[in-house]
Amino acid sequence: MSRRPATEWSATQPTPVQGVECFGAHFVSHVFDRHSHETFSIGTTFGGVQSFRCRGARRDSTEGHLMLFNPDEPHDGWAGSRDGFAYRMLYITTEGIAQLVDDCDGPGAGGRGTRFSRGMFTEPVVSDRKLSAELAAASDELLVPANSLRAAERLSHVLRLLFERYAGGQERTDQRPVASPRIRRVRDLLESRYSEDVTITTVADVAGMSRVHATRQFTLSYGIPPHAYLNQVRIRHAKRLLLAGAPAAEVAADVGFVDQSHFTRRFKRSVGISPLAWARSMGISR
């Protein structure tokens, strides 16, 4: 007899701190497609084993670990144990990091204010039980009503410690080669024509390479193949339209998905929650 899986749930919501979004979930069978975020993604695992591939290797995060993804750092995700995993992630824009980390030095800091924002996390998973607990407590503060000032102060303190301990220089933290001009043209194509049915022939023509070579070079440079990059560009624009109040079916068509069900599947496998649930969590009523 098959073992009945534990209940899965996921929820996202804005926070009173500008540039910070909070996501929490418990997953057993859910699998994340390979994707990346424009933001810093900083989180903790509360239970189970959270597995993913990042920077060419499998990583496992358990209780007491911190997950530290830089902007545009590709990763996927799945349950590394039968009971799944529970976690909370903060998505923080680079502007949010600048406000929360750099501004703590104050206007008279002698030019030291940008020290931490220039750093990138050097490892996607680190074991630091004490700081993991502090981040969990800070994220709890973000969800308390009428608590904006204290929440920002506590999160600022934790982020400073994170960047001091686990961030390095501005150099890339992986071994991906810098994209050539021809591969950058492919990226620009996907960014500008995301609502179209972009074919591999078009990609190859823009790159001036064979289909196989263009796909391989793009994946080496950006960590994900062209179709996955196109998917995340579509989801980024879909979020913008959802926040503007557009119906999900209309959004699906506008950003290039076949239909609403296709849009919903892809959105959830990248974001962890359905488009409608995400919009409601962000305060958009339907």
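Arginine 236 is partly exposed in this predicted model, because its relative accessible area of 26% falls between the cut-offs of 20% and 50%. Its side chain meets that of glutamate 38 in a salt bridge, with 3.6 Å from N to O. The two partners come from distant parts of the chain: glutamate 38 sits in the loop between β3 and β4, arginine 236 in helix α7, and 198 residues separate them.

This is one of 14 salt bridges in the structure.

In one of them, aspartate 33 and arginine 269 are joined at 2.8 Å, N to O. Here strand β3 is linked to helix α9 by residues 236 positions apart. Aspartate 33 counts as buried, because its relative accessibility is 15%, whereas arginine 269, at 34%, counts as partly exposed.

In the other, glutamate 73 pairs with arginine 55, and their closest N and O atoms are 2.7 Å apart. Glutamate 73 lies in the loop between β7 and β8 and arginine 55 in the loop between β5 and β6, so the bridge ties together parts 18 residues apart in sequence. At 4% relative accessibility, glutamate 73 is buried. Shared partners also join Asp33, Arg266 and Arg269 into one network of salt bridges.

Methods: Residues are numbered from 1 along each chain as its sequence is written. This is a predicted model: local features need pLDDT of at least 70, side-chain atom pairs count only at pLDDT 80 or more; totals for chains, interfaces and linings use all residues. Side-chain values use heavy atoms; hydrogens and water are left out. A salt bridge is a side-chain nitrogen of Lys or Arg within 4 Å of a carboxyl oxygen of Asp or Glu. Helices (H or I, at least four residues) and strands (E, at least two) are DSSP runs, numbered from the N terminus. Buried means under 20% relative accessible area, exposed over 50%, partly exposed in between (1.4 Å probe, protein chains only).
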